[in-house]
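Colleague: I'd like to learn how to read a few features of a protein model. Could you walk me through one?

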Amino acid sequence: MSDEKNFDNGISSIVRADIRDNEEQENKLRPQYLSDFLGQEGVKRNLSTFIQAAKQRQEPLDHLLLIGPPGLGKTTLAQITAHELGVDFKVTSAPALDKPKDLAGILSTITERTVFFIDEIHRLKPAIEEMLYIAMEDFELDWIIGQGSAARTVRIPIPPFTLVGATTKAGSVSSPLRSRFGFIPRFEFYTHNELSLIIKRSARILDIQIADDAALLLAECCRGTPRVANRVLRRMRDFAQVEGQNCITLKTVKDGLVRLEIDEMGLEKYDREILLSIIKNFGGGPVGAETLAISIGEAQDTLEDYYEPYLIQCGLLQRTPRGRIVTAKAYEHLGLEYKDRSNGQGTLF
């Protein structure tokens, strides 16, 4: 089942971090400089040093590989890097690069020290990845001229640039490609306090007031992800506006979360269906990812990239060599009775 079909069916339409809102709204809320980027303090501190050093030497910044779940700010940080360096920013995604000529077309038009961002870089095709190796190391493009016995390879120089790759699957990035990056930070989920500050900043940009307790509750229910927080904040703004309020109150957030079917842990209907499927169809697990994906009508990649990380972080799901297992905490959260199956008594629900 495609992501678009899921969206059309109204499944996970709020907290799915891979479904982007209107481009203009997203860009409006994006910080432009490191000083405005909240959270990921260790990554920011190191990146600030590397940017400052590159500017002092008047050299391109070393290549960056940004790792982490979707919605944590990898694209935003790539844009900020270009702004801080004062250079051009070009962006594409690995699936959009179908043939080597697609990559060559982009690299042949870049200017000196351009920041070139490739999203989902783990999905690059081998032929394109091999071309990228030479471009990253030697700032040259290998190009074949002619056909058959008359074919020959020429190297075309390109301006020195900075490649910023982003991936949700660090293990799927090939070793040769990974070794060519000079800085490989890993993004972590945001704390409630960090998300609360992000929500307040976004509320100011959206020209809506939000109470401190309302912002904190909203932060607690947004899966540790700024993109989700901004999306749900816009829905709360809608609720407040229709009710004739100029401030998002604690009551607005509580009522809004009920209407959106988002619970106090940030789980929405589809997350709970994943847990319930494992419990009711597979006795709580273990169950393989492929089998689970089929049972819930979702792509395996989507399950592993967009749902499982947060469920695991919350302690509701475990990945084991034998498959996925729902934890006792998940039973408690869903209001179901749990018994340890290790004593042979089974699980009651």
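Modeller: Let's begin with two strands: strand 2 and strand 3 run parallel and are joined by five bridges. Keep in mind that this is a predicted model, where local features need pLDDT of at least 70 and side-chain atom pairs count only at pLDDT 80 or more, while totals for chains, interfaces and linings use all residues. Residues are numbered from 1 along each chain as its sequence is written, and side-chain values use heavy atoms, with hydrogens and water left out.

Colleague: How should I read strand pairing, and which residue in strand 3 is the bridge partner of S93?

Modeller: In general, strands of a sheet pair through backbone hydrogen bonds, either parallel or antiparallel. Here, two strands pair if DSSP finds at least two bridges between them; strands (E, at least two residues) and helices (H or I, at least four) are DSSP runs, numbered from the N terminus. The partner of S93 is D119.

Colleague: In what order do the four strands of the open sheet come?

Modeller: The order is 1-6-3-2, with parallel pairing. Strand 1 (64–67) and strand 2 are the edge strands, each pairing on one side only. On average, neighbouring strands of this sheet are turned by 15° against each other, direction ignored; the axes are lines fitted to C-alpha atoms, and angles run from 0 to 180 degrees between N-to-C directions.

Colleague: And aromatic pairs: how many are there by the rule?

Modeller: A pair of aromatic rings is described by the distance of the centres and the angle of the planes. Rings of Phe, Tyr and Trp (its six-membered ring) pair if their centres lie within 6.5 Å; planes under 30 degrees apart count as stacked, over 60 as edge-to-face and the rest as tilted. The count is five aromatic pairs. One of them is F89 with F117, stacked at 6.3 Å centre to centre and 25° between the planes. F89 lies in strand 2 (residues 89–93) and F117 in strand 3 (residues 115–119), so the pair ties together parts that are 28 residues apart in sequence.

Colleague: Is F117 buried or exposed?

Modeller: Buried means under 20% relative accessible area, exposed over 50%, partly exposed in between (1.4 Å probe, protein chains only). F117 counts as buried because its relative accessibility is 1%, whereas F89, at 26%, counts as partly exposed.

Colleague: What about the whole protein chain: what share of its residues counts as buried?

Modeller: Of its 349 residues, 48% count as buried. The protein chain has 15 helices and ten strands.
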